[in-house]
Amino acid sequence: MQSSFTDESERKPERAALIVGAGQGIGLEFVRQFLQGDRADLLFATYRNPESELLSITDSRLRCLPLDITEEAQIATIIDKIKTETAALHSVINCVGLLHDGAMQPEKSMRHLNSEQLMRYFQVNSIGAVLLAKHLRPLLKHGDRAILATISAKVGSIGDNQLGGWYGYRASKAALNMFMRTTAIEYRRTCPRAIVVTLHPGTTDTQLSQPFQRSVPPEKLFSCDRTVRQLLAVLDQLQESDSGEFFSWDGSKLPW
């Protein structure tokens with residue numbers, strides 16, 4: 001008679017994932033596709049807005065955690081909460097990003113620069129990401145393949161900058177790319193199976209891009225569903241040698 005019990009050595013290891021900035025847009029769609037695609041046995045997702053649609057998702061695998069990524073104490077707190085449920089994360093995707101917020105708009109020229117706005121761009125788009133990487137390290141220090149992916153932007157490429165403008169957003173995304181490149185170098189010593197990359201998602205139909213979609217051809221404006229499917233395809237193909245690189249939605253490498 002065949003035993004109905006699964007041998008411990010044959011049991012599939014638990015896969016845990018974290019989506020940061022999952023309250024809307026691309027981050028929320030990552031949550032949906034991780035759950036629909038059975039990509040995680042345990043999925044942590046962070047949000048800022050308590051009215052987020054994320055909180056209406058009912059799935060026993062999902063854990064929703066409030067987080068303002070500009071507050072390091074909050075980052076440490078959510079990592080401690082995650083550690084109470086798992087000792088390892090296999091996928092981390094940081095989707096937090098700021099381009100505009102009310103009166104805060106990307107600068108069209110140098111005369112629009114002010115230090116307060118510049119600092120805000122760096123706090124959200126750059127500093128938060130590297131502080132997240134700092135606190136995540138114990139959860140990525142294991143023997144399985146792991147991903148730490150951060151949503152960047154092509155406009156953060158210095159080599160690709162042909163139009164100028166958008167000083168704070170461009171510079172904060174360039175800083176993000178450098179932070180994550182440097183993280184990848186340190187992780188090679190401490191978390192050797194972790195692949196650290198930044199990703200350009202393409203222009204996606206979200207609140208972030210809505211004020212700037214007028215000049216985007218319809219075929220270049222992606223739905224959140226399409227963007228996430230494309231980015232997951234890129235992540236699935238990554239090798240450990242790709243750690244520290246900057247990839248576009250189609251899998252091509254972007255210049256720094």
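In what follows, a residue is called buried under 20% relative accessible area, exposed over 50%, and partly exposed in between, with a 1.4 Å probe and protein chains only.

The structure is a predicted model, in which local features need pLDDT of at least 70, side-chain atom pairs count only at pLDDT 80 or more, and totals for chains, interfaces and linings use all residues. Residues are numbered from 1 along each chain as its sequence is written, and side-chain values use heavy atoms, with hydrogens and water left out.

Let me begin with the sheet. Helices (H or I, at least four residues) and strands (E, at least two) are DSSP runs, numbered from the N terminus, and two strands pair if DSSP finds at least two bridges between them. On these terms there is an open sheet of 7 strands, in the order β3-β2-β1-β4-β5-β6-β7, with parallel pairing. Its edges are β3, residues 62–66, and β7, residues 246–248, each of which pairs on one side only. From one strand to the next, the twist averages 20°.

Strands β1 and β2 run parallel and are joined by 4 bridges, with Leu-18 standing opposite Phe-44 in β2. Strand β4, residues 91–94, is likewise joined by 4 bridges to the parallel strand β5, residues 146–151. Here Ser-91 stands opposite Ile-147 in β5.

Next, the helices on this sheet. I take contact to mean heavy atoms within 4.5 Å; axes are lines fitted to C-alpha atoms, for helices over the stretch in contact, and angles run from 0 to 180 degrees between N-to-C directions. Helix α5, residues 224–236, lies across β4, β5, β6 and β7 and runs at about 145° to β6.

How is β1 covered on its faces? Ala-16, Leu-18 and Val-20 are buried on one side, and Ala-17 and Ile-19 are buried on the other. In total, 5 of the 5 residues of β1 are buried.

That leads to the interior. A nonpolar core is a set of buried Ala, Val, Leu, Ile, Met, Phe, Trp, Tyr and Cys residues joined through side-chain atoms within 4.5 Å. The largest such core has 38 residues, and those with the most contacts inside it are Leu-18, Ile-82, Leu-89, Leu-136, Leu-140, Leu-148 and Tyr-187. At least two residues of this core come from each of β1, β2, α2, α3 (115–140), β5, α4 (167–190) and β6. Helix α3 supplies the largest share, 9 residues. A second, separate core has 30 residues, including Ile-26, Val-31, Leu-232 and Phe-247. To return to Leu-148: not counting residues up to four places away in sequence, its contacts include Val-92, Ala-133, Met-180, Ile-195 and Val-197.

I turn now to charged pairs. A salt bridge is a side-chain nitrogen of Lys or Arg within 4 Å of a carboxyl oxygen of Asp or Glu, and the whole structure holds 13 of them. One joins Asp-38 to Arg-15, with the closest N and O atoms 3.9 Å apart. Because Asp-38 lies in the loop between α1 and β2 and Arg-15 in the segment before β1, this pair ties together parts that are 23 residues apart in sequence. Asp-38 itself is partly exposed, with a relative accessible area of 44%.

Two further pairs lie within helices. In helix α1, Glu-29 forms a salt bridge with Arg-32, the closest N and O atoms being 3.4 Å apart; the two residues are 3 apart, so about one helical turn separates them. Glu-29 is buried, at 9%, whereas Arg-32 is partly exposed, at 26%.

Finally, the cysteines. How many disulfides does a search of the whole structure find? With a disulfide taken as a pair of cysteine sulfur atoms within 2.5 Å, the search finds 0.
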